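Let's walk through this model together, one question at a time. Have the coordinates open and follow along.

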Amino acid sequence: MGGSVKKILKAALVVAAVATGIAFIPGIGAIATGAFTKGAVAYFATQTLVAGTLGLISSALSPTPSAPSAADLQGRTISRRNPLATRKVIYGEVRVGGTETFLESAAGQKNIHQIITFAGHEVSAVTEVLFADLVVKNNPLDSVRYSPNSGTTPNYSSASKITVHMGGANQPADSDLVSETGVDGNFRLLGCAYIYVRHTADQDVFINGMPNVSLLVQGKPVLDPRTGLIVYSNNPALCIRDYLTSYLKVPANEIDDDLFIIAANICDETINLSGGGTEKRYTLNGVIDLKDTPKAILEQLKTSCAAQIFEAN
């Protein structure tokens with residue numbers, strides 16, 4: 001009897017949490033190692049009609065997600081050198097910087113070759129490359145070298161080259177990097193998405209030194225159990241499922257995909273906005289840092305759709 005009541009209460013609190021519509025805080029998060037055991041699944045409510053009293057109880061009992069500081073959000077778009085940097089995972093679409101993992105001068109120190117790694121996995125697409133806050137390339141293809149767009153101030157088109165590598169498990173070394181620097185064909189950064197930038201010294205262009213490089217990225221491809229396809233998505237249910245299977249190594253046969261499909265459909269519901277237009281009920285667009293504990297990461301992911309995750313029979 002007691003066990004049944006406890007299970008009913010968990011389900012009720014999940015429904016109330018969905019009804020409150022807690023907003024996702026893009027940022028960094030994580031969860032306690034060992035928090036997931038066999039049979040781990042996510043239960044998302046299929047109804048949003050909840051008694052007002054239950055909603056108040058749920059709000060009172062639910063922990064308040066910690067918001068990243070303004071410095072944290074701004075720092076996410078800054079590329080920097082850090083020999084102790086940990087892998088980042090991007091879900092949905094977000095602007096990010098990265099970690100400088102290679103820097104070399106060549107051609108009599110006239111050229112500077114820079115690699116910035118921005119994700120510890122394959123990404124779906126890069127839609128913008130930015131130098132400082134200037135968009136210098138839209139929708140670059142994987143492993144194709146480009147000159148930046150002309151018409152910007154400064155105009156980087158004659159002084160820089162950019163090549164984005166999407167992070168495939170078998171991606172080859174960058175042929176231009178190999179031919180113009182001291183690395184060889186083994187420098188492949190397998191399974192990591194990165195951008196290779198070459199700057200040629202020009203005091204009229206680089207008045208303030210090398211610009212900060214950031215990218216607008218469509219993140220990790222995830223499995224959609226509704227179609228069986230691995231695709232780009234900012235659907236929170238699909239992203240949470242991916243985190244469980246990819247990083248917590250929960251076996252696929254221990255995930256209740258029927259419940260995840262229900263959850264994914266709820267997230268994709270179209271909501272009419274009071275000012276006109278529509279949007280999806282829930283989306284997830286952010287970055288997690290794998291140095292954080294699994295418990296903290298899951299807490300951040302769950303807030304994107306006001307969900308609860310628990311072990312089911």
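Q: Which residues of α7 are buried?
A: This is a predicted model, and helix α7 covers residues 294–303. Seven of its 10 residues are buried, so α7 is largely enclosed by the rest of the structure. Those buried residues are P294, I297, L298, Q300, L301, K302 and T303.

Q: Which residues of α5 are buried?
A: Helix α5 spans residues 236–246. Nine of its 11 residues are buried, so this helix too is largely enclosed by the rest of the structure. The list is P236, A237, L238, C239, I240, R241, D242, Y243 and L244.

Q: Which residue caps the N-terminal end of α5?
A: Look for a side-chain oxygen that lies 3.0 Å from the backbone nitrogen of A237.

Q: Within what arc do the buried residues of α6 fall, seen down the helix axis?
A: Helix α6 takes in residues 257–267, and its buried residues are L259, F260, A263, A264, I266 and C267. They line one face of the helix, because seen down the axis of α6 they fall within an arc of 160°.

Q: Which residue caps the N-terminal end of α6?
A: Here the backbone nitrogen to check is that of D258. A side-chain oxygen lies 3.2 Å from that nitrogen, and the residue it belongs to is D256.

Q: At what angle do α5 and α6 pack?
A: Two packed helices are described by the angle between their axes and by the distance between those axes. For α5 and α6 the axes are 7 Å apart. The angle is about 145°.

Q: How many residues in the contact of α5 with α6 are nonpolar?
A: On the α5 side, the contact residues are P236, A237, L238, I240, R241 and L244. They meet D257, F260, A263, A264 and C267 in α6. Sorted by type, the contact has two charged residues and no polar ones, and the number of nonpolar residues is nine.

Q: Which strands are at the edges of the four-stranded open sheet?
A: The strand order in this sheet is β4-β12-β7-β8, with antiparallel pairing. An edge strand pairs on one side only, and this holds for β4 (93–96) and β8 (134–138). From one strand to the next, the twist averages 20°. The edge strands are thus named in the order itself: β4 and β8.

Q: Which residue of β12 is the bridge partner of V96?
A: β4 and β12 (residues 213–218) run antiparallel and are joined by four bridges. Along this pair, V94 stands opposite V217. For V96, the bridge partner is L215.

Q: Which residues make up the covered face of β4?
A: In a regular strand the side chains alternate between the two faces of the sheet. In β4, E93 and R95 make up the uncovered face. The covered face holds V94 and V96.

Q: Which residue is joined to P154 by a cis peptide bond?
A: P154 is found in the loop between β9 (145–146) and β10 (160–165). Omega of the cis bond is about 0°. The residue joined to P154 there is T153.

Q: What is the relative accessibility of N139?
A: N139 is found in the loop between β8 and β9. Its phi is near 50°, a positive value in a residue other than glycine. N139 counts as exposed, with a relative accessibility of 51%.

Key:
Residues are numbered from 1 along each chain as its sequence is written. This is a predicted model: local features need pLDDT of at least 70, side-chain atom pairs count only at pLDDT 80 or more; totals for chains, interfaces and linings use all residues. Side-chain values use heavy atoms; hydrogens and water are left out. Two strands pair if DSSP finds at least two bridges between them. Helices (H or I, at least four residues) and strands (E, at least two) are DSSP runs, numbered from the N terminus. Axes are lines fitted to C-alpha atoms, for helices over the stretch in contact, and angles run from 0 to 180 degrees between N-to-C directions. Buried means under 20% relative accessible area, exposed over 50%, partly exposed in between (1.4 Å probe, protein chains only). The arc is that of the directions from the helix axis to the C-beta atoms. A polar contact is a pair of N or O atoms within 3.5 Å; within protein, one must be able to donate a hydrogen and the other to accept it, and residues adjacent in sequence count only if both atoms are side-chain atoms. Contact means heavy atoms within 4.5 Å. Ala, Val, Leu, Ile, Met, Phe, Trp, Tyr, Cys and Pro count as nonpolar, Asp, Glu, Lys and Arg as charged, and the others, Gly among them, as polar.
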